[in-house]
Amino acid sequence: MYIKDGICYAGELTPSIEVSEIKLLGSGMLLVTFSTGEIRLFDMYSLVDKGSVFAPLADEKNQETAKVTFGFVSWMDGAIDIAPETMYKESYKYTQDSIA
């Protein structure tokens, strides 16, 4: 539990994080650079199972529409987006060996 601006919240206070840059690697993978400077791998196919709103990401042509918009990633001209905090939590640590 934490208090911010006089309001009590459940959970833990997490620092603000944004997506700075992305690179499409193919096979549903994005190389994501966060505002912390950390670079992580994100599997777009992992979103497809999370609900019908993400179903269009099963199509590689829709994956290719990924872009950074105001610190988060969106697809299909903003029809689909994901919070940077969620993208960070569901991504993988990156090393050169990760994509070799």
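**Close-up views of a predicted model**

**View 1. The pairing of β7 with β8.** Three bridges join β7 to β8, and the two strands run antiparallel. The model shown here and in the following views is a predicted one. Within this pairing, Val73 stands opposite Ile82 in β8, and the two strands together form a hairpin that leaves four residues between them. Met76 lies in the turn of this hairpin, where its phi is positive, at about 55°.

**View 2. The pairing of β6 with β7.** On the β6 side, β7, which covers residues 72-75, is joined to β6 by three bridges, again with the strands running antiparallel.

**View 3. Thr69 in strand β6.** Thr69 is found in strand β6, and its side chain makes a polar contact with the side chain of Ser74 at 3.1 Å. Which distance in space separates Thr69 from Glu21, C-alpha to C-alpha? The two residues are 9.8 Å apart in space by that criterion, while 48 residues separate them in sequence. Glu21 itself stands opposite Thr33 in β4, a pairing that is taken up in the next view.

**View 4. The hairpin of β3 and β4.** Strand β3, residues 19-26, and strand β4, residues 29-34, run antiparallel and are joined by six bridges. Glu21 and Thr33 stand opposite each other across this pairing. The hairpin has two residues between its strands, and Ser27 takes a positive phi near 55° there.

View 5. Arg40 is found in strand β5, which spans residues 39-43. Is Arg40 buried or exposed? Arg40 counts as buried because its relative accessibility is 8%, which falls under the 20% limit used for that class. The side chain of Arg40 reaches the backbone oxygen of Tyr88 at 3.4 Å. Once neighbours within four places in sequence are left aside, Arg40 is in contact with Leu30, Leu31, Val32 and Phe34, and also with Tyr88, Ser91, Tyr92, Lys93 and Tyr94.

**View 6. The protein chain in overview.** The secondary structure of the chain comes to three helices and nine strands, and from the N terminus on these elements run β-β-β-β-β-α-α-β-β-β-α-β. The chain has 100 residues, of which 27% count as buried. Its accessible surface comes to about 6500 Å², with 52% of that surface belonging to carbon and sulfur atoms. Among the contacts with a separation of 6 or more, 36% are accounted for by residues 24 or more positions apart.

Technical notes
Residues numbered from 1 in each chain as written. Predicted model: local features only at pLDDT ≥ 70, side-chain atom pairs only at ≥ 80, totals over all residues. Heavy atoms only, no water. Pairing = 2+ DSSP bridges. Polar contact = N/O pair within 3.5 Å; in protein donor to acceptor, adjacent residues only side chain to side chain. Buried < 20%, exposed > 50% of the residue type's maximum accessible area, 1.4 Å probe, protein only. Contact = heavy atoms within 4.5 Å. Areas by Shrake-Rupley, 256 points an atom, 1.4 Å probe, with all protein chains shown as cover.
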